Amino acid sequence: MTPVQDQIPAAKPSRDAAPILILVLLACAGIVLSLFAGWREARQYEALERLRLADSADAHFAAARNHLLARERTVATLAALFAPPSLSTPRPLGDLGVRALRLAPDLSSIGWIVEVTADSAAEALKALSGSGIENAHFVDAAGATLATEALPRPLLALLDIAPDEMRARLGTDMTSFAARAGAIHAARERRAVTRTPPLDLFEVPAQRGVVLYAPVYARDGTNDGQFAGVLAFAYTAEKLFGAALTAHRPDDAFDIRLSGTSAGDVLYSVAAGSADHAASGETVSFSRTMTFAGAPLQMLYAVRRDLAAEGFTRATWVTGGGLLLTLGVVALSGFGVRRAARRTQAENPRVNIEERLKALIHELNHRVRNVMSVVQAVVRLSFSSGANLADIQKTCEGRLQALANTMSLLTANDWKNLRLRNLLTEDIIPYAGRVETDGPDIKLKARAAQTFGLLFHELAANAARFGAFSVPEGKASLVWTVTGPAGARQFQMSWKETGGPATMPPKRHGFGELLLRRIAPRDLGGRATLTYAAQGLQYDLSAPFDELTDSASGQPA
């Protein structure tokens with residue numbers, strides 16, 4: 001006999017691992033996407049904020065440059081209008097000095113300086129004597145008298161000055177001041193306005209500043225075009241550079257330093273550190289350069305901001321929101337997989353569970369991408385320049401909680417239809433008890449339910465912060481109707497606030513206004529209007545009824 005061999009059935013490949021593998025892959029994809037979204041948000045924030053700070057510095061630099069160049073043009077214009085008299089003429093400035101000081105209140109003094117040789121010294125001393133100077137003579141920087149009989153070199157003598165209280169300085173030789181003499185010779189050679197480096201002004205005791213020199217040429221018909229002297233315009237640093245830097249303050253709290261040809265040649269500085277960023281050890285700086293009166297000026301803008309840390313904070317919010325959403329989607333997917341498997345086994349054990357699972361995961365993957373986009377937009381647009389971090393956190397948590405509660409309601413209904421009135425609860429709408437509602441209880445599609453959940457929360461949260469719910473007696477009404485023939489029905493909704501303060505359009509446009517004006521109407525295929533009225537905010541929305549509901553299950557109740 002042939003022995004009978006036991007036949008061992010071949011082991012069937014287990015299908016339990018396939019759903020688990022798909023869920024693991026979905027979780028990994030959500031984690032990677034969340035981290036990438038956070039990284040991108042941090043990079044974009046740092047780059048955009050740096051550009052915004054640079055634009056703010058550029059706007060201030062342009063205003064300060066125009067301010068200084070206007071002073072340079074004024075000096076050049078006065079020099080062009082001045083007709084130099086003969087060397088022996090007393091008070092050669094005439095009334096030009098008084099008029100110049102009236103024209104430019106920030107000008108400390110204006111003087112007339114001419115070149116004096118041994119041959120012309122007597123004429124110059126005659127002009128000083130005729131101007132009321134007793135015992136007229138020339139002096140150097142130390143106040144020592146200079147002998148005029150045998151001058152070793154030509155003098156650059158101050159023959160007139162305004163205002164009159166500075167006339168004690170008449171007869172001073174500017175060649176004994178190295179910085180002043182260099183600027184005067186440069187003005188003569190360049191035939192243009194020049195300036196000194198920062199120095200102690202003898203025109204204004206105990207003050208530092210600069211002197212602008214404008215060359216003047218003869219116009220007597222005989223020596224036309226010949227160098228006659230220079231007009232000297234003395235400015236204190238406070239009145240010239242301080243006014244230029246502070247007249248048009250930048251939008252951001254910059255520390256501004258104005259220097260000359262070297263970093264140590266500081267002309268003026270303004271410290272304007274913001275308390276919001278004072279604790280930061282990081283500094284963002286920008287340098288801008290211009291030419292003023294023939295010499296370069298450098299403006300250094302520095303603001304104490306740690307843009308990397310600020311970007312990391314925003315990235316943490318985006319990444320955290322994405323990870324929380326991934327966790328919810330994976331849990332929801334696992335629940336759906338188990339339910340689908342049980343239902344398939346009960347109906348027909350031979351149904352291919354794996355194919356149904358793939359379809360379900362594909363649908364869930366599509367939904368998670370959509371919701372991730374909403375979460376990223378909520379977190380990103382909740383941040384605005386100048387907003388308090390605690391307020392941003394509270395706003396983000398409220399919006400994300402409203403979205404999460406809406407998703408919980410949809411999950412309880414198998415992501416099919418959700419009644420509109422189920423969204424009008426305290427879980428979705430703050431102060432729901434103060435909202436008077438009137439309208440048919442229609443069944444919404446899943447996507448429409450998410451949109452209405454965020455929309456109702458935003459309207460109520462805005463009312464709590466700025467509108468009717470911010471005062472005890474304020475209230476709101478929410479009315480919706482469905483009109484029109486079958487196939488062309490229209491959904492109309494109106495939110496009106498009463499009893500609250502007058503509303504004004506916001507100065508900053510964040511996620512809330514974007515949701516009300518653009519996102520909600522776009523998702524529902526309709527249009528919306530937002531009215532800021534004295535009696536309270538009013539929001540009206542209209543959309544095709546078929547965009548909100550399934551044709552069979554969405555009939556108004």
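Q: How many of the 20 residues of H9 are buried, and what does that say about H9 and the rest of the structure?
A: Buried means under 20% relative accessible area, with exposed over 50% and partly exposed in between (1.4 Å probe, protein chains only). In H9, 15 of the 20 residues are buried, so the helix is largely enclosed by the rest of the structure. Keep in mind that this is a predicted model, where local features need pLDDT of at least 70, side-chain atom pairs count only at pLDDT 80 or more, and totals for chains, interfaces and linings use all residues. Residues are numbered from 1 along each chain as its sequence is written, and side-chain values use heavy atoms, leaving out hydrogens and water.

Q: What makes residues 446–465 a helix called H9, and what span does H9 reach?
A: Helices are DSSP runs (H or I, at least four residues), strands are E runs of at least two, and both are numbered from the N terminus. H9 has 20 residues and reaches 29 Å from its first C-alpha to its last. The expected span is 1.5 Å times one less than the number of residues, and H9 comes close to the 28 Å expected.

Q: Why are H9 and H10 called roughly antiparallel?
A: Axes are lines fitted to C-alpha atoms, for helices over the stretch in contact, and angles run from 0 to 180 degrees between N-to-C directions. Under 35 degrees counts as roughly parallel, over 145 as roughly antiparallel, 65 to 115 as roughly perpendicular and the rest as oblique. H9 and H10 (residues 511–524) pack at about 155°, with their axes 10 Å apart, so they're roughly antiparallel to each other.

Q: What makes the Glu41 and Arg314 pair a salt bridge?
A: A salt bridge needs a side-chain nitrogen of Lys or Arg within 4 Å of a carboxyl oxygen of Asp or Glu. Here N to O is 3.1 Å, and that makes the pair a salt bridge. Glu41 lies in helix H1 (residues 17–81) and Arg314 in helix H6 (residues 307–347), so the pair ties together parts 273 residues apart in sequence. By this rule the count comes to 20 salt bridges.

Q: How do you know whether Asp160 is buried or exposed?
A: Asp160 has a relative accessible area of 2%, so it's buried. Its salt-bridge partner, at 2.9 Å (N to O), is Arg167, and Arg167 is buried too, at 10%.
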